[in-house]
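Please look over the sequence and the 3D view first.

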Amino acid sequence: MSACLGGCIKTGESSNMSPPQPPRAEQRAYSYSHHGITVEDPYHWLKDQKYPDVTDADVLRYLAAENDYFEAVMEPIQWLVNELFEEIKQRQKPDDATVPMRNRGYYYQSSFSAEVQYRVHSRWNAETSSPSADDMEVILDEPTLAKGHEYFSLGAFAVSDDGRYLAYSTDTDGSERYTLVIRDLHTGRLLDEHIANTIDSPVWASDSRTLFYLMTNAEWRPYQVRRHVIGESVDDDVVIYEESDPGFFVGIERTTSGEFIGVNTSDHVTTELRLLSAHDPFDELQLVLPRREGHQYWLDHQGERFVIRTNDRHKNFRLVTAPVNDLSEASWASLIEPSDDRYLLGFQCFDQWIVVEERLEGIDQIRILDANDISHYIDFPDPVRVVGIAGNAEYHTNAVRLHYSSMVTPHTTYDYDLVRRQLQVRKVQEIPSGYEPTNYVSERLWADSRDGKRIPVSILYRSDIELPAPLYLYGYGAYGSSVDPSFSTSVLSLLDRGLVFAIAHIRGGDELGYHWYEEGKGMNRTNAFNDFVDVGRFLVRSGYTDQGEIAISGASAGGELMGAVVNQAPELWGAVAALVPFVDVLNTMLDTSLPLTPMEWPEWGNPIEDADVFRYMQSYSPYDQLLPGDYPPMLVTAGLNDPRVTYWEPAKYVARLRTLKTDSHPLLLKTNMGAGHGGRSGRYDSLHEVAEEYAFILHALGMATR
């Protein structure tokens, strides 16, 4: 029986003849029980049982019908999509290039050509101060590799120490299952060693012949580290580490010094690390510290010591040192003491310096430690900013590269002279169509939550705006990931049309420290949703906007946020963009066949083993909590090949909501049939999707005027 009954929109149907009618997915009886609780799920069939191969004709027919409906509803405002796209595109430098990065005798640079969607990667001899075109060697041409593919993503990019071999990987369908190949840069030819189902970047040993890489299993979990030797068959590659716990993912890295290779395995709260000398790639891995639940640690190398970031004594982490020949905890000496106020985010070691990323009251800081472990902080121009360590490949250096921006300051690349303590501007983001920062005002506000917490809010608007005004509110609030108050050329299109832009730095992120993350995860998850709603109400009370004039947007776990806050306070929102939304939380956390589920239990809880978790998760899961009533206009997106939030989550959510909503507002589902979690891949294609979201929102708010 067809999944699309009675309302499918035929391609090309004219919107002038009659309003397009949304498709209706068939309901098929299905239920499951856990902990004595039975759940009815009539749209369970939208999960193709052959996934990741999606071939079920009814499923594909329904998704196609929803896409047709999306096109039909959007057709009258396609002029606005085009207008927004051209605006946003004109703010991108067509022939942009990165600041060259020095590494082992070469400078490396990636660049775009005008009207080209993907980058070309080049290098030249470091002795050449002003390279000509003849001096530059193209080592990877993404536009050529992407030709003929609807989707293209470059994954790994790793050059051997001697500069001869480039290991790189590509994904051409958005599934994030990469194929790794090796190019001999002396001859330009690809070697015969092709490695499928890998992920993340491989690591070379110092002999420039031995390569360590990750393998994924059938569930897309990186679980093995293998060793490959140039010229030998891939079939003979040796597994040097295999993780048996499906809740732990494996990674590999190399210290900045180049001396050690690390194999790490982690879930969201626990890490374990093993080390190997980069000069002896056939040696055995040495365990640094056995995993114990809740302990996280990371390591870099400096001379005769290791430097370790650890949360052994405080949630906000501390920095310790250990001798190279003794990594036991008994040998750890504190370098930076933990703090209730300062959150230690990360660090990198150089031969005479340690550069540390910190956050104080939600504001990024950079601390520098010299050879005597005496520290100072770098002064930056904006009181609210985003700054972090950028690509620094050279271990022996007296300069560190930093990336910087604020909501009003375009992205800036700095080199910081560690001796002179001076910032040197290497590049400022160029906006060809023009940008005048004095036309815009940014503020840091603090909203009170219903349980007494102070929630940071970053806000941006034109200096000539008349308040209250329609407002675009963005949020995420999960995995301890902060939403940075950084510069966005796309957002200017909303600001210049009279909208206010705001970010709610809700619990579940780590903006205010690790405790901020813990207070929005697991059995505290609903704090994140409450915070977002409370921020919305605060912005109304403070005169920035009015109820019903707030457009909200979030992606992935931020899409879960969108579903939850719509269920909680539908009257607040004037439009909703839920992008690849994690809305079928309970079903996904019960499905151990999915790639991320076991690893996600420390984040969300395990509803299989814990009845309280099951009931709590069911109480907020957006799909499970849909009720009859009025809902704001909603745009929902999905990716057919998405391994992170599988396509059927947004599809099931939209299908159920269509039967429950009592309003006439549009509810749209757009599925990228050839892409994954990040949407379309080209730099301009991705901007087009931003333009679609903005056009939908402006139209819903009554601001789509020619």
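In which hand does α1 pass α11 in their crossing? The crossing of α1 and α11 is left-handed. The model discussed here is predicted.

**Helix pairs**

Helix α1 covers residues 57–74 and helix α11 covers residues 648–660; their axes are 12 Å apart and the packing angle is about 70°. With that angle, α1 is roughly perpendicular to α11. On the side of α1, the residues that meet α11 are Tyr62, Leu63, Glu66 and Tyr69, and their partners in α11 are Ala651, Val654, Ala655 and Arg658.

A second pair consists of helix α6 (residues 526–541) and helix α7 (residues 557–568), with axes that come within 9 Å. The crossing angle of α6 and α7 is roughly 65°, which makes α6 roughly perpendicular to α7. From α6, the residues in contact are Ala528, Phe529, Asn530, Phe532 and Val533, while α7 contributes Glu560, Leu561, Met562, Ala564, Val565 and Gln568. The crossing of α6 and α7 is right-handed.

| Helix pair | Axes | Angle |
|---|---|---|
| α1 and α11 | 12 Å apart | about 70° |
| α6 and α7 | within 9 Å | roughly 65° |

**Nonpolar cores**

The largest nonpolar core has 124 residues, and the members that touch the most other members are Leu473, Phe532, Leu539, Ile552 and Trp573. Helix α12 (residues 683–700) supplies the largest share of this core, 8 residues. Apart from this core lies another one of 19 residues, including Leu214, Phe249, Leu285 and Leu596.

Which residues does Leu473 touch, not counting those up to four places away in sequence? Among them are Phe532, Val535, Gly536 and Leu539, and also Ile550, Ala551, Ile552 and Ser553. Ala502, Ile503, Ala504 and Trp573 are touched by Leu473 as well.

**A covered helix**

Helix α9 (residues 597–604) is mostly covered, with 6 of its 8 residues buried. The buried residues are Thr597, Pro598, Met599, Glu600, Glu603 and Trp604. The elements covering these residues of α9 include the strands β15 (249–254) and β16 (260–266), together with α5 (514–518), α7, α8 (585–590) and α10 (611–620). After α9 comes Gly605, with a positive phi near 105°.

**An open sheet**

Four strands form an open sheet in the order β19-β20-β21-β22, with antiparallel pairing. At the edges are β19 (297–302) and β22 (333–336), each of which pairs on one side only. On average, and with direction ignored, neighbouring strands of this sheet are turned by 30° against each other. Between β19 and strand β20 (residues 305–310), the antiparallel pairing runs over 6 bridges. Asp300 stands opposite Val307 in β20.

**Backbone details in loops**

Most residues other than glycine have a negative phi, and most peptide bonds are trans. Several places in this model depart from that pattern.

With a relative accessibility of 39%, Arg104 counts as partly exposed. Arg421 also has a positive phi, of about 60°, although it is not a glycine. The loop that holds Arg421 runs between β29 (412–417) and β30 (422–428).

Tyr51 and Pro52 are joined by a cis peptide bond, with omega about 15°. Pro52 belongs to the loop between β2 (37–40) and α1. Another cis peptide bond joins Leu467 and Pro468, where omega is about 0°. Pro468 sits in the loop between β32 (454–462) and β33 (471–474).

How values were computed
Residues numbered from 1 in each chain as written. Predicted model: local features only at pLDDT ≥ 70, side-chain atom pairs only at ≥ 80, totals over all residues. Heavy atoms only, no water. Core = buried A, V, L, I, M, F, W, Y, C linked by side-chain atoms within 4.5 Å. Buried < 20%, exposed > 50% of the residue type's maximum accessible area, 1.4 Å probe, protein only. Helix = DSSP H or I, 4+ residues; strand = E, 2+ residues; numbered from the N terminus. Contact = heavy atoms within 4.5 Å. Pairing = 2+ DSSP bridges. Axes fitted to C-alpha atoms, helices over the stretch in contact; angles between N-to-C directions. Parallel < 35°, antiparallel > 145°, perpendicular 65-115°, else oblique. Left-handed = near helix turned anticlockwise from the far one by under 90°.
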